[in-house]
Amino acid sequence: MKEQLEAIQAEALERIYQTEDMKELQDIKVAYLGKKGSLTGVLRGMGKLSKEERPAVGEIANRVREAITVSLDEKTEKLEQAELEQQLQAETIDVTLPGRPVKVGGSHLLTNIVEEIEDLFIGMGYEIREGPEVETDFYNFEALNLPKNHPARDMQDTFYITNELLMRTHTSPVQARTMREFKGEKPVKMICPGKVYRRDTDDATHSHQFTQIEGLYVDKNVRMSDLKGTLDAFAKKMFGEDREIRLRPSFFPFTEPSVEMDISCKVCNGEGCNVCKGTGWIEILGGGMVHPRVLEMGGYDPEEYSGFAFGMGPERIAMLKYGVNDIRQFYTNDIRFLKQYHHA
Ligand code: DAH
């Protein structure tokens, strides 16, 4: 029996030594020390031994059990340690690795220009207003003194949706909407930036969709000189204090008199060059004194109120300011072009 016990110990210790697997180690434990384990089986047979033999064999049996238990515990600890180390290895984070750069965008050149113009007019007491891009014939034309079949409608080739609905051709309808909303009861001082649409063939200077900023100031005693002073301040802030402006007579159905504003050419300082086509002046925007019919349709008594209005294209302004020579650059979203104008 003694040999049997020692054989069990030798075999058990060898198996424990060999295994590298926690589950197998558990199986080994059961195989020797479990209820049906081989050591347990031998111990159960001790009843058959003589009284004299029993203490000696019992002692050996205890030693064997102890040896197997200690060996199992040591191996368990060793395997657990190995497992932990492996896990730590696998989950190592190298804090010295350079980070992955996050790509940051920037606002579009056109957005920047529109915001710059907005800020400028907010500084002069104007509020920003908006209007729908799908507009009624009434607001886009009739309320602006352009009745049906008026020849000046041809100035703006229109995308019609139905007979009465269209894509707005300019931001001027927001003049009419704002006046009607204010019901002739208080002064109006607003600018309206937004998208407009025309049936033009796209080329370097035309786009079927572009941006406009409309301005309107209606109050008592608003005069032509107020328009000129406002536009002069705008031009100087936008293009530099050394710019001169001039107003030329023009025609728009919604203003009387109507003007176009030029600024002195920055490139040649008025001498004449190919940018200003030899004139020394560059056209920037249209405007004028609000036509009495337009005031009236907006709900303002032209005997009591007067006003000025103007409309400009931010693309054109950006093109002049930054030397962009093709309006399509604003819409084709070539990142190499746009990147140059990102604010830092
Ligand atoms: N709506 C005009 C256009 O699209 C621009 C314009 C001219 C607006 C004169 C005005 C104005 O308010 O007074 O060509």
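Predicted model: local features only at pLDDT ≥ 70, side-chain atom pairs only at ≥ 80, totals over all residues.
Which residues of α2 are buried?

In α2, the buried residues are Leu-25, Ile-28 and Tyr-32. Looking down the axis of α2, we find these buried residues within an arc of 55°, so they line one face of the helix. As for what the buried residues of α2 pack against, the partners are α1 (2-18), α3 (38-44) and α4 (53-90).

Two further details belong to this helix. α2 covers residues 22-33, which makes 12 residues, and from first C-alpha to last it reaches 16 Å, close to the 16 Å expected at 1.5 Å a residue. At the start of α2, a side-chain oxygen of Asp-21 comes to within 3.0 Å of the backbone nitrogen of Lys-23.

Let me turn to strand β4, residues 188-197, which is mostly covered, with 8 of its 10 residues buried. β4 pairs with strand β1 (residues 127-128) in the parallel sense over 2 bridges, and here Ile-128 stands opposite Ile-191 of β4. With strand β5 (residues 209-219), β4 runs antiparallel, and 10 bridges join the two; in that pairing, Pro-193 has Ile-213 of β5 opposite.

Next comes a loop residue: is His-291 buried or exposed? His-291 sits in the loop between β8 (281-290) and α9 (292-297), and its relative accessible area is 18%, which falls under the 20% cut-off, so His-291 counts as buried. Leaving aside residues up to four places away in sequence, His-291 touches Asn-145, Pro-253, Phe-254, Thr-255 and Glu-256.

Finally, the ligand: how many residues surround it? There are 16 residues around the ligand, and the closest are His-170, Ser-172, Arg-198, Gln-212 and Glu-214. For His-170, an N or O atom in the side chain is 2.9 Å from a nitrogen atom of the ligand. For Gln-212, a polar side-chain atom lies 2.8 Å from an oxygen atom of the ligand.

Technical notes. Residues numbered from 1 in each chain as written. Heavy atoms only, no water. Helix = DSSP H or I, 4+ residues; strand = E, 2+ residues; numbered from the N terminus. Expected span 1.5 Å × (residues − 1). Buried < 20%, exposed > 50% of the residue type's maximum accessible area, 1.4 Å probe, protein only. Arc of directions from axis to C-beta. Contact = heavy atoms within 4.5 Å. Polar contact = N/O pair within 3.5 Å; in protein donor to acceptor, adjacent residues only side chain to side chain. Pairing = 2+ DSSP bridges. Near = heavy atom within 4 Å.
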